[in-house]
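Subject: Structure for you to look at

Hello,

Here is the structure I promised to pass on. Please open it and keep it beside you while you read my notes.

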Amino acid sequence: TGLTYQWQKGGVNVSDGGTISGATTSTLTITGVVTGDAGNYTCIVSGTCAPSATSNVAVLTVGSVGSITGD
């Protein structure tokens, strides 16, 4: 297809490693999401026939998981 992908968080390129995979594919995967992963993600798609295009912003919000204990 001749397309290349680059995911960004807050305008900064992300790279594979640790909990992140797919930084240069059409699907970005983050395993074991933590609070520091929260932010605005975009994907820049480039091709040989057209200028690059930037996706809409995907907002990742990370909340805390509460627990209930009882006697």
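The protein chain has an accessible surface of about 5000 Å². Carbon and sulfur atoms account for 56% of that surface. Please keep in mind that this is a predicted model.

Now the overall layout. The protein chain contains seven strands and zero helices. Along the sequence the pattern reads β-β-β-β-β-β-β. The protein chain has 71 residues, and 20% of them count as buried. Take the contacts between residues at least 6 apart in sequence: 37% of these join residues at least 24 apart.

Strand 5

Start with strand 5, which covers residues 39-46. Which strands pair with strand 5? Strand 1 does, in the antiparallel sense, over six bridges. Strand 7, residues 58-60, also pairs with strand 5 in the antiparallel sense, here over three bridges. Strand 6, residues 53-54, is another antiparallel partner of strand 5, with two bridges.

You can find some of these pairs by residue. Thr42 in strand 5 is the bridge partner of Gln8. Gly39 sits opposite Leu60 in strand 7. Ile44 sits opposite Thr54 in strand 6.

Cys43

Next, look at Cys43, which lies in strand 5. Is Cys43 buried or exposed? Its relative accessibility is 5%, so Cys43 counts as buried. The cut-off for buried is under 20%.

What does Cys43 touch, leaving aside its neighbours within four places in sequence? The contacts are Tyr5, Gln6, Trp7, Ala53, Thr54 and Ser55. Cys43 and Gln6 are 37 residues apart along the chain, yet their C-alpha atoms are separated by 5.6 Å.

Gln6 belongs to strand 1, residues 4-9. A polar atom of the Gln6 side chain lies 2.9 Å from the backbone oxygen of Val14. Leaving aside neighbours within four places in sequence, Gln6 is in contact with Asn13, Val14, Ala23, Thr24, Thr42, Cys43 and Ile44.

Gln8 lies in strand 1 too. Why does Gln8 count as buried? Its relative accessible area is 14%, and buried means under 20%. The side chain of Gln8 makes a polar contact with the side chain of Asn13, at 2.9 Å. Not counting residues up to four places away in sequence, Gln8 touches Asn13, Val14, Asn40, Tyr41, Thr42 and Ile44.

The nonpolar core

Last, the core. How many residues does the largest nonpolar core have? It has eight: Trp7, Val14, Ile20, Ala23, Leu28, Ile30, Tyr41 and Cys43. Leaving aside its neighbours within four places in sequence, Ile20 is in contact with Ser15, Leu28, Thr29 and Ile30.

Find strand 5 and its pairing with strand 1. Then pick out Cys43 in strand 5.

Best wishes

Definitions and conventions:
Residues are numbered from 1 along each chain as its sequence is written. This is a predicted model: local features need pLDDT of at least 70, side-chain atom pairs count only at pLDDT 80 or more; totals for chains, interfaces and linings use all residues. Side-chain values use heavy atoms; hydrogens and water are left out. Helices (H or I, at least four residues) and strands (E, at least two) are DSSP runs, numbered from the N terminus. Buried means under 20% relative accessible area, exposed over 50%, partly exposed in between (1.4 Å probe, protein chains only). Contact means heavy atoms within 4.5 Å. A polar contact is a pair of N or O atoms within 3.5 Å; within protein, one must be able to donate a hydrogen and the other to accept it, and residues adjacent in sequence count only if both atoms are side-chain atoms. Accessible areas come from the Shrake-Rupley method with a 1.4 Å probe; for residues, only the protein chains shown count as cover. A nonpolar core is a set of buried Ala, Val, Leu, Ile, Met, Phe, Trp, Tyr and Cys residues joined through side-chain atoms within 4.5 Å. Two strands pair if DSSP finds at least two bridges between them.
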